[in-house]
Amino acid sequence: MKFKSKSLLAVVVAFVAISGSAIAQKQAISLEDLFKKGTFRARSVYGLTSMNDGKHYSAYNSKGQVAKFEYSTGKEVEVLFDPSAVNIADLKSFSGYQLSADETMMLIETDVKSIYRHSYTAVNYVYDIKTKEIKPLSVNGPQMNAAFSPDARMVAFVRDNNIYMVNLATAEESQVTTDGLYNNIINGAADWVYEEEFSLTTGLQWSPDSKKLAFYRFDESRVKMFNMTKYEGNLYPSNYTFKYPKAGEENSVVTIHVYDLDAKTTIKMDAGPEVDQYIARIKWSVNPDKLCMVRLNRLQNKVDILLANASTGSSSVLYTETNKYYIEEVNDAYPTFTPDGKHFIITSEKDGYRHIYLYRMDGGLACQLTSGANEVTELYGYSPLSKMVYYQAYDDSPLCKAVFAKKLDGKQAIKLSTKKGNSYAQFSSNFEYCMIFNSSISEPLTVSLINAKGKEVRVVEDNQKL
C-alpha cells in the first residue's frame, strides 16, 4: 500500500495502534469517559484578563488565588488576591473578580445567584491590592452589574431595578434612580428580550472621564406576563411570573439616560420619536460628552448609529444602513472608535459578504478594509500602535477560519494563524501578544502564543496526551 502524504500515513498508523491497543485491553469507551471523566476532553486556556501593560495577565493559579502572570513565559509574577488571607467566610469560595482600570482595586463576587442566561446578583467586596484592605461594596443587599468608574473612585451597581453608587473613599452610598419596580421599570439592567436576543449583559456605561453614567431604562409595564413552572427538586414546583413579549406583542419601551455626578441631574437622550424599536447598544465615544446609541427598527433591517450630546440630550445620525432582509452586525464591537477620535470601524454585509469598513467621524466612508468571499466572522479590535485592525475570517473556505491583521490603509492582510482548520484569537490589551486557539478534524485543540510580528513565542497547550 502506498500513501501520498506523511500526514495520511500518520493517521493510519495511529488508528492501527489505537485499534490494536483497544483490542488487546478489551476496553470499551463508556458514557462516563465521554461525559463525566472527560477522558477525551481537550485542555484549553480559560479566564485570562489582559493587564494594562500588555505584557501580563491576571488569572487563577493552582491555589485558587488571583495572580499576575507573564505572557512571554507563563510564569507567575505576583499574587494579587489570596482568599485564605482574608478572614471572611464568603470569600473562601468567591465566584469572580474584576480589576479597576488603574489595577489598584478589585471587585470580588460572592454568593452569585443566576437570573437568566447572563444576568445574576452577587455580594461584592472591594479589595485594595496594595493595602490588602477589604470591605463590602454595600451592606444593603446583593448587587447587579457592579462596575468601577474609570478613575476607580466610584462603583455603580443595580439593586431592585434601581441604580446606586458608592464613593470608595467615604463608603457613602447614593441612589441615582427611584422608580425601579419589578415587572414594571428596570434601570441599569436589561429586560429578558435584550439579554436573550442582543446578549446585553449590562445597562450601565461610565463616561471616559468618570463624570457621567449612561444607563438604560426599560418600561415593561405594557408587556404581557408569562407563567413558568420551576422544578427545583422540591415536592411541589413553584410558579415564576415575568414579563415575556411573544412575537408581534408589545416590547418594553426603552429610553437612554445620562446621570451627571457633579450636577446630580439626569438627562434623557433623544433616540427618536419611535418607541417600538431597539437600542441594541450604548457606548461612549472618545469624547466624554458624546454618547453613541445603536438603534434598530423592530424588523431589524435598518440600523442607525446616533451620537448624543450627553449634556443636552440632543442627537444626530452618524451612520445609517438598510438591508432588504435583516441586519446582524450589532455586538459589543459595533462600532469601534479609534483612540484619536477621528474614525470608527464597523462590520457590514452591504456588499453581499460581511466585511470591515472604516468611516470618518463626519459619517463619510474612508475605505473598505476587507473584501471578497472570505468574509469576516469576528472583529477583535484596533491597535493605535500598529495601526492595524485584527479580525477572524474564512480561510479560503467557510469550513476553515483564520486570524488576520490589516493596516488601515487597506493593503494586504497578514495571516497571524498558521495552521489549517479553525483558529480564533485572544489578544493582550495593547495587541502585543496574541493567543491563537486552533483545532481541526485531524488535530485536537492547540494554543500558541505569538507576538506582534506573528512569531511564535511558546506553545501554551498542545494536548499531546489526547
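**Notebook: charged pairs and a nonpolar patch**

I looked up R360 and found it partly exposed, with a relative accessible area of 36%. The model is a predicted one. The side chain of R360 meets that of D362 in a salt bridge, at 3.4 Å from N to O. I noted D362 as exposed, at 59% relative accessibility.

I then searched the whole structure for salt bridges and got 19.

Next I took D395, which forms a salt bridge with K415, the closest N and O atoms being 3.1 Å apart. This pair links distant parts of the chain, 20 residues apart: D395 is in the loop between β29 and β30, and K415 is in strand β31. D395 counts as buried at 5% relative accessibility, while K415 counts as partly exposed at 40%. I also found D395, K415 and K420 linked in a network of salt bridges.

I looked up E443 and found a salt bridge with K419, with 3.7 Å between the closest N and O atoms. The two are 24 residues apart and link distant parts of the chain, E443 in the loop between β33 and β34 and K419 in the loop between β31 and β32. E443 is partly exposed at 37%, and K419 is partly exposed at 36%.

I checked E109 in strand β6. E109 is buried but has no salt bridge; K113, the nearest side chain of opposite charge, is 13 Å away. Among the residues E109 touches are F94, Y120 and N124.

Last, I looked at the surface and found a nonpolar patch of I29, L31, L34, F35, F40 and L466, with about 660 Å² of accessible area together. L31 lies in helix α2 and is exposed, at 58% relative accessible area.

Definitions and conventions: Residues numbered from 1 in each chain as written. Predicted model: local features only at pLDDT ≥ 70, side-chain atom pairs only at ≥ 80, totals over all residues. Heavy atoms only, no water. Patch = residues over 30% accessible without salt bridge, like charges linked within 9 Å, V, L, I, M, F, W, Y side chains within 5 Å. Areas by Shrake-Rupley, 256 points an atom, 1.4 Å probe, with all protein chains shown as cover. Salt bridge = Lys/Arg side-chain N within 4 Å of Asp/Glu carboxyl O. Helix = DSSP H or I, 4+ residues; strand = E, 2+ residues; numbered from the N terminus. Buried < 20%, exposed > 50% of the residue type's maximum accessible area, 1.4 Å probe, protein only. Lys, Arg positive; Asp, Glu negative; His and termini not counted. Contact = heavy atoms within 4.5 Å. Lists of a residue's contacts leave out its neighbours within four places in sequence.
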